[in-house]
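Morning, everyone. I have one structure to go through today, and I will keep it short. Please have the sequence and the model open while I talk.

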Amino acid sequence: MNIKSLLLGSAAALAVVSGAQAADAIVAAEPEPVEYVRVCDAYGTGYFYIPGTETCLKIEGYIRFQVNVGDQPGGDNDSDWDAVTRGQVQFTAKSDTEYGPLTGVIVMQFNADNATDQQAKLDSAYLDIAGFRAGLFYSWWDDGLSGETDDIGSPVTLHNSIRYQYETGDFYAGISVDELEDGPFYDGETPNNVGVAVGLGGKAGAFSYQITAGYDVDNEEGAVRAMGTVEIGPGTLGLAAVYSTGPNAYYNAAEWAVAAEYAIKATDKLKITPGVQYYGNYGVVNPTTDADFSDNDAWKVGLTVDYQIVDNFYAKASVQYLDPDDGDDSTSGYFRLQRSF
């Protein structure tokens, strides 16, 4: 009986202890659901949904190393070459609305001439919906031919602007109001000027075209430009012409100019682009009193070579020669390596 009682007592004690331990056991919480990043293919490749929202985001950019050559390419120094590095990143956000996609773009750019001479700047920041765009962005005057020889754009093309652009298929037309606060200024004008620009363009088979015009309200002068490209043989022929009524913020290199290039697709990875431009009444005289174009002409010739080393990694080399009537001729160029992502 003693042994039997001892066994029964031990079993009871074990049961009590087991029950107490069971009562004190820690129950692990259920893991919270994890929301993984989802691909958003509604606006093209590279977009993904921002977790917890219906907004699609795309991150892209490039890293560039470039060596410039010419007459003091780095500014006020005696060197005839200068190396620079740039990093640029762009954020594009899109979401659907009853008026169509709502787009927001931020572009940050970081430039380094050396370890101490560096610059970070906002290269673009704008919102876009139903054809309306407002913010800091490049105007139509920033466009040009595909080579590096043509000089047919504004000296400053990044403005705080508001514009409307109508697009359908292979055609667009629009109007913008630009704050011309970065010059150039003539006849005593100062910052906070305003300009109005219009642009239209499109494609028709192998032919593409663009017409751009701008009126500088404060300088009371305007400019108009026409460009066109057409695929011919192994490459693309590009032609452009520009006319300015007087020195203004939209064009001030010359009273008029014509440019031509031929972008030769030598291989799938190699493109060779020779170009030429002629300036009529080149340069501005008396910019602070009675600004006008000079009576001198100039011409420019150049060659640009683009090579795709591997996917998203490119090399570019360019050399340009400029010969003005009343001035010294000059040769300039650069070599560039760029990795895009």
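What we are looking at is a predicted model. The protein chain has 341 residues, and 34% of them count as buried. Its secondary structure comes to one helix and 19 strands. Among contacts with a separation of 6 or more, 46% are between residues 24 or more positions apart. The chain exposes about 19,600 Å², with carbon and sulfur atoms supplying 58% of that area.

Next, the cysteines. How many disulfides does a search of the whole structure find? One. Cys 40 is joined to Cys 56, with 2.1 Å from S to S. This pair links distant parts of the chain, 16 residues apart: Cys 40 is in the loop between α1 (2-24) and β1 (48-49), while Cys 56 is in strand β2, residues 56-69. The link is right-handed, with 80° about the S-S bond. Are the two cysteines buried or exposed? Cys 40 has a relative accessible area of 1%, and Cys 56 has 2% relative accessibility. The cut-off for buried is under 20%, so Cys 40 is buried and Cys 56 is buried as well.

Strand β17, residues 298-310, pairs with strand β18, residues 313-324, in the antiparallel sense over 12 bridges. In that pairing, Val 310 stands opposite Phe 313 of β18. The hairpin has two residues between the strands, and Asn 312 takes a positive phi there, near 70°. On we go to strand β19, residues 330-340, which pairs with β18, also antiparallel, over 10 bridges. Here the hairpin joining β18 to β19 runs through five residues. One of the bridges has Leu 322 partnered with Ser 330 in β19.

Last, Thr 157. Where does Thr 157 sit? Its place is the loop between β6 (132-138) and β7 (158-168). Although in a loop, Thr 157 counts as buried because its relative accessible area is 9%, under the 20% cut-off. Which residues does Thr 157 touch, leaving out those up to four places away in sequence? They are Phe 137, Tyr 138, Ser 139, Trp 141 and Asp 142. With Asp 142 there is also a polar contact, side chain to side chain, at 2.8 Å.

That is what I have for today.

Key. Residues are numbered from 1 along each chain as its sequence is written. Side-chain values use heavy atoms; hydrogens and water are left out. Helices (H or I, at least four residues) and strands (E, at least two) are DSSP runs, numbered from the N terminus. Buried means under 20% relative accessible area, exposed over 50%, partly exposed in between (1.4 Å probe, protein chains only). A polar contact is a pair of N or O atoms within 3.5 Å; within protein, one must be able to donate a hydrogen and the other to accept it, and residues adjacent in sequence count only if both atoms are side-chain atoms. Contact means heavy atoms within 4.5 Å. Two strands pair if DSSP finds at least two bridges between them. Accessible areas come from the Shrake-Rupley method with a 1.4 Å probe; for residues, only the protein chains shown count as cover. A disulfide is a pair of cysteine sulfur atoms within 2.5 Å.
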